[in-house]
Amino acid sequence: MATEFHNLQELRHSASLANKVFIQRDYTDGTVCKFQTKFPSELESRIERTLFEDTVKMLNNYYAEAEKIGGQSYLEGCLACLTIYLIFLCIETRYEKVLKKISRYIQEQNEKVYAPRGLLITDPIERGMRVIEISVYEDRGSSGSSSGSSTTSSGR
Amino acid sequence: MITRKVTRKWEKLPGKNTFCCDGRVMMARQKGVFYLTLFLIIGTCSLFFAFECPYLAVHLSPAIPVFAVLLFVFVMAMLLRTSFSDPGVLPRALPEEANFIEMEIEAANGNVLAGQRPPPRIKNVQINNQIVKLKYCYTCKIFRPPRASHCSICDNCVDRFDHHCPWVGNCVGKRNYRYFYLFTLSLSLLTIYIFAFDIVHVVLREYRNFFEHVVSLTPHCTVLEVLVCFFTLWSVVGLTGFHTYLISLNQTTNEDIKGSWSGKNRVQNPYSHKNIIENCCEVLCGPTYPSVLDRRGVMLEDSTSPTSSDASAASTHKSSNPVSQTTKSSAPLIPNEHTPDEAKPSIGAGTQKSTSSPKEEKPPSPTSPNAVAPAVIKESAH
């Protein structure tokens, strides 16, 4: 496996952006936030399918947890209503807590899994929760084509 | 040391919103009717507190003005929360995403012969065993999520778009629908309350004697309050009833007006839980969705350290700008029958509205067949 990209900083400095892949939302269960786990063809040579699917499934689980309608969300809603929603100045909503967890998870995944493979995941909240944007980087020193993501000379 | 004023993201947001308090407050551009709403509520309540409450507190119970104050505070809080919050605006697609979608559309359409119109930009998704069509928004360059719609007044796509309400000076969407509902509900209660106690006041003071004191202000204020409340009652209570109906069916005003689930195409509402309690709970007690706009994030002017944005995303955004042009040619916007004429020339002109169904962008309160036909008259007769 190539070790050109040891960490995120090195990725940014020594690599150039070649392509971006967008993982779209999966609406089969309604309007809940869920992303498609279909493996995009552009990433076939960059990352193993299982790793990618695990990441997306984990993100979907986090979002499902945030949007779960149950006892805790009712309690939060009623309590907030009674305090005319001023309580949100003091405490964080459950959704915001889960978003922080998601942000940490994405950071960790980027460091451990994606950056070593020349990829970078953007938190969906930065894109309006519409897509998971995966940036595909090429090593700047590589003489391979800059548009394709499949023929990097910085092989694994 | 050069002190530079930071540019926050709200300053560069497209769309026709106005922002106050350095991005903390977000409203539509036209706020005149909102000021009228404020004036009517505060004015009527002030008259009530000044002229009715002293008498009622002494002769009936001091709890009456106390409860009125609580109700008034709740109404104002809900109104301000509805008016000042982000209704659930979907940010426009950045160029790379827009290009990616264009390429997908081109691939899906295949070869279109010259002179032939390309097919309309619609994506079919299956939601709970119903086929729902997602339309493409030419202004925002995205396929709108289900239940989202583009508001032409604010020039934004809004998630779970209900309607644009001039009375609150904002769109009503996923994030502020419950506040809007609580506002109409509490305003109905407040109106009924003031109306009832005005009548009680007149009766207590003995009808005949009451109006003899023409020199004092009290009878005139009472009459004014009764008039305002009378006309408000019909409109606001009607509106509350209409929205209660919509909530029990898990529908939006927009869907109701367009007749999306009226059954003539045998398409049932795929979002409804088929249970009134569950529908109400989802709409009113669901999770509080965060804003995806990041209005107060700091725009990165140069390579100084990023602040509130996620560090990796920020640098991706920065580094993508110079490089994206070399890797992907910008696909020309494919004109089709749904493209408004002015949208044809360029991909970059982000000011066009999707005109695939003009009705959906101007969902006024009036034309609903159900209850609130006088909705426009509603508060205009205050």
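**Close-up views: cavities and a helix pair**

In this predicted model, seven cavities of 30 Å³ or more are counted (a cavity being a set of points on a 1 Å grid over the protein atoms alone where a 1.4 Å probe fits but cannot get out). Local features need pLDDT of at least 70 and side-chain atom pairs pLDDT 80 or more, while totals for chains, interfaces and linings use all residues. Residues are numbered from 1 along each chain, chains are lettered from A in the order written, and side-chain values use heavy atoms.

**View 1. The largest cavity holds about 170 Å³ of space.** Its lining (residues with an atom within 4 Å of a point) has 16 residues, of which A:G128, A:M129, B:D159, B:K174 and B:V292 are the closest to the centre. The lining divides into eight nonpolar, three polar and five charged residues.

**View 2. The second largest cavity holds about 110 Å³.** Among its 12 lining residues, B:L40, B:I41, B:T44, B:L187 and B:T191 are the closest to the centre. Helix 1 (32-59), helix 4 and helix 6 (218-249) of chain B each give two or more residues to this lining; helices are DSSP runs (H or I) of at least four residues. Eight lining residues are nonpolar, four polar and none charged.

**View 3. Helix 2 (residues 63-84) and helix 4 (residues 177-204) of chain B pack at about 150°, with axes 8 Å apart.** The two helices are therefore roughly antiparallel (angles over 145 degrees). Residues in contact (heavy atoms within 4.5 Å) include B:F67 and B:L71 of helix 2 and B:F183 and B:L187 of helix 4. The contact residues comprise 19 nonpolar, two polar and one charged.

Key. Axes fitted to C-alpha atoms, helices over the stretch in contact; angles between N-to-C directions. Parallel < 35°, antiparallel > 145°, perpendicular 65-115°, else oblique. Nonpolar A, V, L, I, M, F, W, Y, C, P; charged D, E, K, R; others polar. 1 Å grid on protein atoms, 1.4 Å probe; cavity = no way out; pocket = protein on both sides within 12 Å on 5 of 7 lines; lining within 4 Å. Points joined across faces, edges and corners; volume = space filled by probe spheres on them.
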